[in-house]
Amino acid sequence: SDFVKNEENKKWLIDLLDTAAIDLIDSKYVIKGLFNKEIAVKIERFFKDESFKTAAKAFAKKIITLIFDKPNIAKQTKSFEDLISTLLIESKDELNVLIDEIAKQLKANPNILDEITNNVVERFNKKFHFDANDKENIKYMFSNLLSSFNEVKNKDKFAMLILNALFKSEKTNENYVDDVFERVIYGLLNPASLNSVGNKNHELLFEILGFIPTNIDNKEKYVSGIKTFVFSYLKSNIKAANFTFEEFRKNLLKLTQNLLANNDNAVNSQTKEIILDAINKMLDNFLEYKSLFYDVIKNLSGFLVFQKITNYLDKNNLSSLVLAENPQYKNIEEFTEAMFKNSYDILNNEIFANSLKQMFKHIINNSENYKFDNIAQFVNKILANGNENNLKNVISSIFQKTSQNVELTNQLASIFKVWLKKETNTTLTNEELNKIKNYVAELILNVPNSELFTKLFENVVKKAKELDSKTQYDFKDMSDAFKDIFSDNFLLNNNPQI
């Protein structure tokens, strides 16, 4: 307005608002307005310290001055969150001083630090149910993180993330504090959710995972606390249904891209260690019976494979014959249900799990070889690095466990036996059937050691490297590139060893 355009009037108004802001800070109304009573009571104690009050007042004055000196800020921002972020960016120096003061106050008031830490951990404990040792490690981690937060490189950007979560949450909600925590964590994992400055490519997530306080007594305990907390959060929040949502799949892909791209070396060795620990634990969890992965595979294979087996047996009047060979099952659905469980045993074992863990370890520790723009490129890069990333052992473990799966072999053999009897009127004796089973099991076991498999694997790796030399390619390009390899390798003229 014309009133504000006058420099004397503007100065008078800024001084007035500055005085009002100081009075608000002194009265602690701002703290009570931003935080719920439980947290506000603790933070109010900081205002007994003059250096903290000075930092808070300087920050408030900077915000007020910006509003008047740069009125276009409000006009150019699209939302209230954008406005807050812009103001905080412009007042970065004052904000950092205030964060430094908060950390100083926490160190100077260990009782307050303990109260806040215990409050935070107990809130998460209600949801995650930590055991006693894990709970102590997590308390140690949070206590050191809060009191050393001034050492975090992008502490101002973390403050913006937290403030955005505060403004988005409903303070009237009795679960307000829990909601803010959830929003902050989700904001780290999904940058778009809080429109977070400085976290467009998960930089803040990688930084906080890789942060270690300077003067920490027990680094191992601190890192252990992070590992336990990360796994507990993922285990509690990742469900099979998540993968049906496009937003979840896109963000998971984006997170993987950013992790492997490692822009500006945001991912340090500690970050990799913590992420690998989470992957290993989630993998063990996924491969358990009745797990997330189990449900996904069961639904997919039930529709694509086992339902078709059931339909085939029913349609060809083989169901009663199969059940006669397998009297322990009441009906054919129970038989095929057991087939799935026995098939899942191929994946639910230590050999397969450890092979996958070694492959993921190579991918993350050699991320420069796995940067990708789309999922097809990622899959192809895994194939292209097959000689280094343990892919061959992953495949071998599947063949090994398949050959040792007696229950599944018996089920398949009983289907083959009744089919052969019906189609050719040939009856196999138990001795003949056992010879066939043993032969097939030995054949499957030796596939990874065969000349055919070795040649096929080498050709796939070679072709994948050739394809990877291109700037852009997709699954169609991969299909075109690999189809000739498979046809050539299984032609008898080219491979007499078959």
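Visitor: Which residues in α9 and α12 meet each other?

Guide: Keep in mind that this is a predicted model. On the α9 side you'll find V120, R123, F124 and K127, and they meet V177, D178, F181, E182 and I185 of α12. Sort that contact by class and you get five nonpolar, no polar and four charged residues.

Visitor: And how do I describe the way two helices sit against each other?

Guide: Packed helices are described by two things, the angle between their axes and the distance between those axes. Take helix α9 (residues 110-128) and helix α12 (residues 176-189): the angle is about 85° and the axes are 11 Å apart. Angles of 65 to 115 degrees count as roughly perpendicular, so α9 is roughly perpendicular to α12.

Visitor: What about α13 and α16, at what angle do their axes cross?

Guide: Roughly 95°, with the axes of helix α13 (residues 203-210) and helix α16 (residues 269-287) coming within 7 Å. That makes α13 roughly perpendicular to α16. Here F206, L209 and G210 of α13 meet Q270, T271, I274 and I275 of α16. By class, this contact of α13 with α16 has four nonpolar, three polar and no charged residues.

Visitor: Now α22 and α24: what angle do they pack at?

Guide: Helix α22 (residues 391-403) and helix α24 (residues 430-446) pack at about 165°, and their axes are 8 Å apart. So α22 is roughly antiparallel to α24. From α22 the contact uses F399, Q400, T402 and S403, while α24 brings A441, I444 and L445. The residues of this contact of α22 with α24 split into four nonpolar, three polar and no charged.

Visitor: How would I find empty space inside a model?

Guide: Picture rolling a probe the size of a water molecule over the atoms, which shows where empty space is left. In this model, the count is one cavity of 30 Å³ or more. The largest cavity has a volume of about 40 Å³.

Visitor: Which residues line the largest cavity?

Guide: The lining is N201, E203, F206, N258, N262, N263 and A266. Grouped by class, the lining of the largest cavity has two nonpolar, four polar and one charged residues.

Notes: Residues numbered from 1 in each chain as written. Predicted model: local features only at pLDDT ≥ 70, side-chain atom pairs only at ≥ 80, totals over all residues. Heavy atoms only, no water. Axes fitted to C-alpha atoms, helices over the stretch in contact; angles between N-to-C directions. Helix = DSSP H or I, 4+ residues; strand = E, 2+ residues; numbered from the N terminus. Parallel < 35°, antiparallel > 145°, perpendicular 65-115°, else oblique. Contact = heavy atoms within 4.5 Å. Nonpolar A, V, L, I, M, F, W, Y, C, P; charged D, E, K, R; others polar. 1 Å grid on protein atoms, 1.4 Å probe; cavity = no way out; pocket = protein on both sides within 12 Å on 5 of 7 lines; lining within 4 Å. Points joined across faces, edges and corners; volume = space filled by probe spheres on them.
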